[in-house]
Amino acid sequence: MKTTIASLKKGQKAIIQEITTDRIPLKLLEMGCLPGNQVELLLTAPFQCPMYLTINDSHLAIRKEVAEQIEVRIL
Amino acid sequence: MAKQIKVSLIGNPNTGKTSVFNLLTGLNQQVGNYPGITVEKKEGICKLPRGIKAHILDLPGTYSLNASSLDENVVIELLLNKKDKDFPDVAVVVSDIENIKRNLLLYTQIKDLEIPVILVINMADRMEKKGISLNIPLLEEKLRTKIALVSARKNQGIDKLKKLIVSYNTLPTSPCVDALTFEPEYFDRLKRIFPNQSIYKLWLVITQDVNFRKVEKNSKGITPDFEIKTESELKRLQQKEAIKRYQFINNTLKETMVVDQNKATGVRAKLDRILTHGVWGYLIFFSILLLIFQAIYDWSSYPMDLIDQGFAGLSEVIQVNLPDGPFVSLITDGIIPGLGGIVIFIPQIAILFMFISILEESGYMSRVVFLMDRLMRKFGLSGKSVVPLISGTACAIPAVMATRNIENWKERLITILVVPFTTCSARLPVYLIIIALVIPDTKVAGFLSYQSLTLMLLYIIGFVTALGGAWLLNRMLKMKSKHYFVIEMPGYKVPLFKNVFINVIEKTKAFIFGAGKIILAISIILWGLASFGPTQNFNKAETIVAEQYPNISSENLETKVASYKLEHSFIGYAGKAIEPIVAPLGYDWKIGIGILSSFVAREVFVGTLATIYSVGSEEEATIKDRMAAEINPVLGGPLFNFATGISLLLFYAFAMQCASTLAIVKKETNSWKWPVIQLFFMSGFAYIVALIAYQFLK
C-alpha cells in the first residue's frame, strides 16, 4: 500500500513525492503542496477528517479523500 | 485637477487586505455587487500627498490567478481586460509576513502581467516576535518592485504606501521570474503567433477553462487550432509553472529572509489543541453560540422595543396633528410601519455581524469550519454553512448575508435556500399564542411541560427540515461547481475594532438599502389591500356597525369598525376567497386573512387576528381568550382545537412568510428565480404538511 498524507500520525513529518495532478486540485498545488516540500500533520477533526496540516509553511485543512491522493515519504 | 489613480488591492485571503483597505479609505468606501454576479465589490477613495486622490478597488481574496471560483474569476477578468474602467494603474499586492512564501506566488503572477506592482508586507509588527528579519533593499531588487512594510494594527507604513502609489509610474513593469520556460517549444510558438501579446496573458486565457469555466477565446485573439494540448497536459504544465515560481521564491527568500526558529512562539499550536479538540472544541463552540443567541435575543430586545415604540409614537403624532384621510393613513398605517419593519431588524443584524466579524478576524471561524465540516458534508454542505444556519435562529436576513464566505456557489445557494427553515425569532409570537391555546399546560416527569416540549420540538423540526432540504437540493441541483475543499487556518489575532465597526456598518447598510425597498413596497401594497374595499360596505362601515350595535361604547365601536372594515377590504375578500383552499387545513377565512397578511412577516399574524376579532389591545391574554371562544363555522366546536392548532404551527414552521428574507435572497442570488422557487416550494410544502396533520388529527 502506498503511504499517503492520510496515513500520517499526529506530529509526523513527511516529504511529498511525485504527484498525479489530475486528482488533486490545482489550488492545493499552488498553496505549496508540491513534490519535495515538507508536510506535517498537526491535528485531525473527529473521525480523521478534515486533516489539519502544515505544508510548505502554510497551515491548511484538507479532507481525507484528497489526503489519500498525495503520496509521501515519512521522515 | 489631477486624474484619479486607479489602484487594485490584491492578495490572498487572511493577509489583512481588508485592514489595509480600511486604513487607506476609512469610511469613504462602499460595497456593492459586480454587475450580474454576487461577488462583493468594495471601492473607496484615498487621499494622497499633493492633493492627489486614488480610487481603491478591493478585489476578492485570491490565492492565484488560476480561477477556481467566481471570486477569483473577477480578479482575472479585470486584470486581463485593459479596457475595463477599473483596470488598475497600479496593483498593490498585500502579503503577510508569516505566509510570505505562498503570498509571493500570487505576486509573481501579477508581476508577469506587466503592470506596475507594489508589494505590501503586512503584519510587520509581528516580525520581531517571530524572529524574522528581511533584507528589504535586496528583496526589492530581486522582486523588481518597491515594498511597503505595513502594520495595520499599529497604523504603521501606510504613509510610505501612499507615497509609493503616487509615484507608481516609476515602478518597473518587467516580470521577475521566467515562469514559462518549462516548455520552450510550445511557448515560442505561441509567441510567434501572437507577437504583440504578453505571453503570460495568453497562457492565462488558454488555461482559464481548465480550472473554472469556458472563456470566449476568439475574442481574445486565440484561434481554436492552437489548442493542441489536452486538459491534463495543461494541468501538468500549470503544476510545472507553480514549481518554477516556488523555486524562484525559495531562492529569493533564502537570500533575503532570516528566521530565528527559537523565537517562533507556540501560541497557535496551544490554542489549536484546545479549540479544535474533539470534546473541548465543540463545548467551546456551543458556548460561544449560546452567548451569541443570548445577545441576539436579549440585548437586541431593548433597542428593538425602543424602535417599535418610536415608530408607533411617530404614527400617533402624525395622526393627531394631521387631518384624517387616505394620505395620512398611507403614512401612518403603510409607510411608517413599513419603515419600522426594516429598521427594527438593525439591532439583530448589527449584533450578529459584530460577533461574526470578531470570530472571523480572530481566526476562530476557520476552526469552526474545521470542526463541523464532516457533519455538514452528509447534507451537501460544508463546515462553512454552519454559521449561517445557526444565525437563522435569530433571523434569516443576516443569516443569508452570512453565506458570503462560502466560495462554492452550489453550497452557498443550498445554504441560502434552506436557511429560512430554521426557527427565526419572528415565529415565536405565533408559536407562543397557539401553543398556549391548544397544548395542555400539564407537566411531564415533574418539571417539563408539554408546552415547552412542543416549542423545543418546533425548533428541532426547523433544523431537521433545513438539513433534509439541503440533502434533497444537493441531489436535485445539477450545477457544475468544482469541488475543492482546502481551507487555510490563519494565525490567531486580536480583532481590530475599526475593521469590526466598518463591517457592521457596511452589512447593516447593505440590508437597509438592499431589502428595505422591497419590504417597504410590499408593506404599502398590503396597506392598500387592507384599507380599501371593492364594495360600499367598506366605506359605510361606521354607519353599518353603528346600526348593528346601537348601544355600543365609542371605544368598542372603533375596534368593531376596524374589524368590519378588514372583513370587507380587498384582503378580507381574498381571505374569504381562499377559505375553500385553507378549509382542509382546518382554517376559516379569518385565519386565512391572518396567513395572507403574514406573508410580509410572520409576527403580523397576531396583530391581524387582534384586529379581525376586534380585540382592542394586542395583549396576548385577551387575544387568546377571544381565539379560544371562536367556533368552527363548518364543524362546530372550538375553531382552535388541537388539530387546527398543530396544523397552524406546522404551517408557520415551514411556509415562506417573510418579505425581507425574499428580498435579501433576491439580492444575494442576483435573480428573482430563487426567491420565487423558495416561496412556492416552502409554502407548498407547508400546505401539504399542515393538511396531512389536520386530516389525521381531526
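In this predicted model, the axes of helix α19 (residues 450–476) and helix α30 (residues 642–654), both of chain B, approach within 10 Å and cross at roughly 40°. Angles under 35 degrees count as roughly parallel and 65 to 115 as roughly perpendicular, with the rest oblique apart from the roughly antiparallel range over 145, so α19(B) is oblique to α30(B).

**α19(B) against α30(B)**

- The crossing of α19(B) past α30(B) is right-handed.
- On the α19(B) side, the residues that meet α30(B) are B:Thr454, B:Leu458, B:Ile461 and B:Thr465.
- On the α30(B) side, B:Leu649, B:Leu650, B:Ala653 and B:Phe654 take part.
- Sorted by class, this contact of α19(B) with α30(B) holds six nonpolar residues, two polar ones and no charged ones.

**α27(B) against α30(B)**

- Helix α27 (residues 589–597) of chain B also packs with α30(B), at an angle of about 15° and with the axes 12 Å apart.
- Because angles under 35 degrees count as roughly parallel, α27(B) is roughly parallel to α30(B).
- α27(B) passes α30(B) in a crossing that is right-handed.
- From α27(B), the contact involves B:Ile591, B:Gly594 and B:Ile595, and from α30(B) it involves B:Thr644, B:Leu648, B:Phe651 and B:Tyr652.
- The class count for α27(B) with α30(B) is five nonpolar, two polar and no charged residues.

**Chain B overall**

- Chain B contains 32 helices and twelve strands.
- Along the principal axes, the C-alpha atoms of chain B fill a box of roughly 95 × 65 × 55 Å.
- Chain B has 698 residues, and 55% of them count as buried.

**Helix α3(B)**

- Helix α3 (residues 100–112) of chain B is made of 13 residues.
- From its first C-alpha to its last, α3(B) reaches 18 Å, close to the 18 Å expected at 1.5 Å a residue.
- Of the 13 residues of α3(B), 13 are buried, so the helix is largely enclosed by the rest of the structure.

**B:Thr18**

- Helix α1 (residues 17–25) of chain B includes B:Thr18.
- The relative accessible area of B:Thr18 is 34%, and B:Thr18 is therefore partly exposed.
- With neighbours within four places in sequence left aside, B:Thr18 is in contact with B:Lys42 and B:Asp58.
- B:Thr18 and B:Pro60 are 42 residues apart in sequence, and their C-alpha atoms are 9.8 Å apart in space.

**B:Ser300**

- B:Ser300 belongs to helix α11 (residues 280–321) of chain B.
- B:Ser300 has a relative accessible area of 1%; buried means under 20%, so B:Ser300 is buried.
- Beyond its neighbours within four places in sequence, B:Ser300 is in contact with B:Ala295, B:Pro347, B:Gln348 and B:Ile351.

Technical notes. Residues are numbered from 1 along each chain as its sequence is written. Chains are lettered from A and ligands numbered from 1 in the order in which they are written. This is a predicted model: local features need pLDDT of at least 70, side-chain atom pairs count only at pLDDT 80 or more; totals for chains, interfaces and linings use all residues. Side-chain values use heavy atoms; hydrogens and water are left out. Axes are lines fitted to C-alpha atoms, for helices over the stretch in contact, and angles run from 0 to 180 degrees between N-to-C directions. Helices (H or I, at least four residues) and strands (E, at least two) are DSSP runs, numbered from the N terminus. A crossing is left-handed if the near helix is turned anticlockwise from the far one by less than a right angle, and right-handed if clockwise. Contact means heavy atoms within 4.5 Å. Ala, Val, Leu, Ile, Met, Phe, Trp, Tyr, Cys and Pro count as nonpolar, Asp, Glu, Lys and Arg as charged, and the others, Gly among them, as polar. The expected span of a helix is 1.5 Å times one less than its number of residues. Buried means under 20% relative accessible area, exposed over 50%, partly exposed in between (1.4 Å probe, protein chains only).
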